[in-house]
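Thanks for coming, everyone. Let me put the structure up, and then we'll walk through it.

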Amino acid sequence: PSGSLGLEATFTEDVHGKSHLMILYADSNSPAGVLGIGRGWEVTAINGDTAVAYDGPDGTNVIRASNAIYGSDPVTLQFLTPRGNTVSYPITPASYNVNPILFDTVYTWNSKKVGYFVFYTFSSTTDNAGKATLTKQLLDEEFSRLRSAGVSDLIVDLRYNGGGSVLTAEYLDNAIAPASVTGQLMYQFSYNDILAKNQSLLGLESQVNFEGGGSLNLEHVFFIVGRGT
């Protein structure tokens, strides 16, 4: 992205009814991520102003927070870290190579290996020239680790994923599915009457098949989703 802090934040309310502006995640390659800012950090001041309580969708505090976190201007944010420390960072929005995998690990449950990773955006696996991107490299490495760990089950966390490249979705389909699906239908297109009549002329695909399944031999796959997935 161009001119981004690389943060995602949300307002939440504690048991006493007090609101807090919390960081959901930061891309590790972003200006915020490079500083070590991450999930669970609380924004307590914006450019020295401690008025950050939720005051409605059109409230002054909410608009100022949105402009600061998602805008293109430099900003100084004060945080309360999960360790209870107060820190302040001046952050300048910048372009960076997206790392779509926020977190990954392998759990052992009843002697079974369960892989888990958080995928926050379907950034493209290829650039405009058709060359592999950092996203492709990171996904290749992720599935290599899962394979080496011998996982039998996989959890893909898409709660913060708002979409993106269809090519990347196809990559995941191919990597997760068993080898037996090679050549079978992955998905098909349904066009309106006008496009259907000109489908051949426009070179529109009818369907996409699996190029080849992965080598994980998974027993179960689970997807965690949210309202915006």
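How much space lies in the second largest pocket? About 210 Å³. A pocket here is an open set of points on a 1 Å grid over the protein atoms alone, where a 1.4 Å probe fits, with protein on both sides within 12 Å along at least five of seven lines. Volume is the space filled by probe spheres set on those points, which are joined across faces, edges and corners.

Some ground rules. This is a predicted model: local features need pLDDT of at least 70, side-chain atom pairs count only at pLDDT 80 or more, and totals for chains, interfaces and linings use all residues. Residues are numbered from 1 along each chain as its sequence is written, and side-chain values use heavy atoms, with hydrogens and water left out.

Back to that second pocket. It is lined by 16 residues, meaning residues with an atom within 4 Å of a point. Nearest its centre lie Leu24, Tyr25, Arg39, Leu102 and Phe103. Strand 2 gives the most to this lining, with three residues. Strand 6 (101–109) and strand 7 (112–119) each supply at least two. By type, the lining has nine nonpolar, four polar and three charged residues. Nonpolar covers Ala, Val, Leu, Ile, Met, Phe, Trp, Tyr, Cys and Pro; charged covers Asp, Glu, Lys and Arg; the others, Gly among them, are polar.

Now the largest pocket. Its volume is about 250 Å³. Of its 14 lining residues, Leu167, Glu170, Tyr171, Asn174 and Glu211 lie nearest the centre. Helix 4 (166–176) is one of the suppliers of at least two lining residues.

Next, the whole chain. It has six helices and eleven strands. These are DSSP runs numbered from the N terminus: helices are H or I with at least four residues, strands are E with at least two. Of the 229 residues, 39% are buried. Buried means under 20% relative accessible area, exposed over 50%, and partly exposed in between, with a 1.4 Å probe and protein chains only.

On to the cores. The largest nonpolar core has 19 residues. Such a core is a set of buried Ala, Val, Leu, Ile, Met, Phe, Trp, Tyr and Cys residues joined through side-chain atoms within 4.5 Å. Among those with the most contacts inside it are Leu7, Ile23 and Phe79. Strand 1 (7–13), strand 2 (19–26), strand 3 (42–46), helix 2 (60–70) and strand 4 (75–80) give two or more residues each. A second, separate core of 17 residues includes Ile101, Phe117, Leu138 and Leu139.

Take helix 2. Which of its residues are buried? Asn61, Val62, Ala65, Ala68 and Ile69. They sit on the same side of helix 2, because they cover an arc of only 135° around the axis. That arc is taken from the directions from the helix axis to the C-beta atoms. These buried residues pack against strand 1, strand 2, strand 3 and strand 4. Thr60 and Asn67 are exposed, on the face turned away from the buried side.

Last stop: Asp153, in strand 8 (residues 153–157). Is Asp153 buried or exposed? Its relative accessibility is 5%, so Asp153 counts as buried. Leaving aside neighbours within four places in sequence, its contacts include Lys112, Lys113, Leu218 and His220. Contact means heavy atoms within 4.5 Å.
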